[in-house]
Amino acid sequence: MLARLGRIDARLTLSSAECGALEEQAAQWFARGAGKAQLVQAVMAGLPERVAHPYGFVRARLLGKLPPEPVETRAACYEVVCTACGEPGDGGGMRGGLCGGCWGGRPGLASEHVHARAGQVRAALRTGRRTGSTGKGAGV
């Protein structure tokens, strides 16, 4: 690839030894996902009228325009919660955004019970008094 630069434009003719010396820098480009065309474009773009030292010029371009390292992307992590009561769930037991208790699919936690209890808690918070005992001691 580096030797081909001189065939594209004579101002960038490199010897075999110079190509070997620049091989590591070119390999970094490919390791970062760049293709041959991208490397050639980066080296060739905006060539000055005269290039006195092709090796130094190509080396400076390879180092100066090196693409950034690829960033590892992680999948987004979401927590599924009931839209009515805010209880976390796995998403599989949700129906229309509601947990089993809020849509009535779980015995003992019918949506009417949950909504009634939530109303009691809201009222208690507004007045500052404690709601009825739940069997585990008084409290909200």
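In this predicted model, the largest nonpolar core holds 19 residues, of which Leu 2, Leu 5, Leu 12, Val 43, Val 58 and Leu 62 touch the most other members. Two or more residues of this core come from each of the helices α1 (2-8), α2, α3 and α4 (54-64), and α3 gives the most, with 5 residues. In soluble globular proteins, nonpolar side chains tend to be buried together.

- Within α3, which spans residues 36-44, the buried residues are Leu 39, Val 40, Ala 42, Val 43 and Met 44.
- Just after α3, the backbone at Gly 46 takes a positive phi of about 65 degrees.

**Leu 62 as a core member**

- Leu 62, one of the residues that touch the most other members of the core, is in contact with Leu 2, Leu 22, Gln 25, Ala 26, Trp 29, Leu 39 and Val 43 when its neighbours within four places in sequence are left aside.
- Among these partners of Leu 62 are Leu 39 and Val 43, both of which are listed among the buried residues of α3.

**Packing of α2 against α3**

- Helix α2 (residues 16-31) packs against helix α3 (residues 36-44) at an angle of about 125 degrees, and the axes of the two helices lie 10 Å apart.
- Because an angle of about 125 degrees falls between the range of 65 to 115 degrees for roughly perpendicular and the limit of over 145 for roughly antiparallel, α2 is described as oblique to α3.
- The crossing of these two helices, α2 and α3, is right-handed.
- On the α2 side the contact is made by Ala 26, Trp 29 and Phe 30, while on the α3 side it is made by Lys 36, Gln 38, Leu 39 and Ala 42.
- Sorted by class, the contact of α2 with α3 has 5 nonpolar, 1 polar and 1 charged residues.

- Pro 67 has its place in the loop between α4 and β1 (80-81).
- Is Pro 67 buried or exposed? With a relative accessibility of 11%, which is under the 20% cut-off, Pro 67 counts as buried.
- Not counting residues up to four places away in sequence, Pro 67 touches Trp 29, Arg 32, Ala 34 and Gln 38; of these, Trp 29 and Gln 38 also take part in the contact between α2 and α3.
- Pro 67 and Trp 29 are 38 residues apart along the chain, and their C-alpha atoms are separated by 6.7 Å.

Terms used: Residues numbered from 1 in each chain as written. Predicted model: local features only at pLDDT ≥ 70, side-chain atom pairs only at ≥ 80, totals over all residues. Heavy atoms only, no water. Axes fitted to C-alpha atoms, helices over the stretch in contact; angles between N-to-C directions. Helix = DSSP H or I, 4+ residues; strand = E, 2+ residues; numbered from the N terminus. Parallel < 35°, antiparallel > 145°, perpendicular 65-115°, else oblique. Left-handed = near helix turned anticlockwise from the far one by under 90°. Contact = heavy atoms within 4.5 Å. Nonpolar A, V, L, I, M, F, W, Y, C, P; charged D, E, K, R; others polar. Core = buried A, V, L, I, M, F, W, Y, C linked by side-chain atoms within 4.5 Å. Buried < 20%, exposed > 50% of the residue type's maximum accessible area, 1.4 Å probe, protein only.
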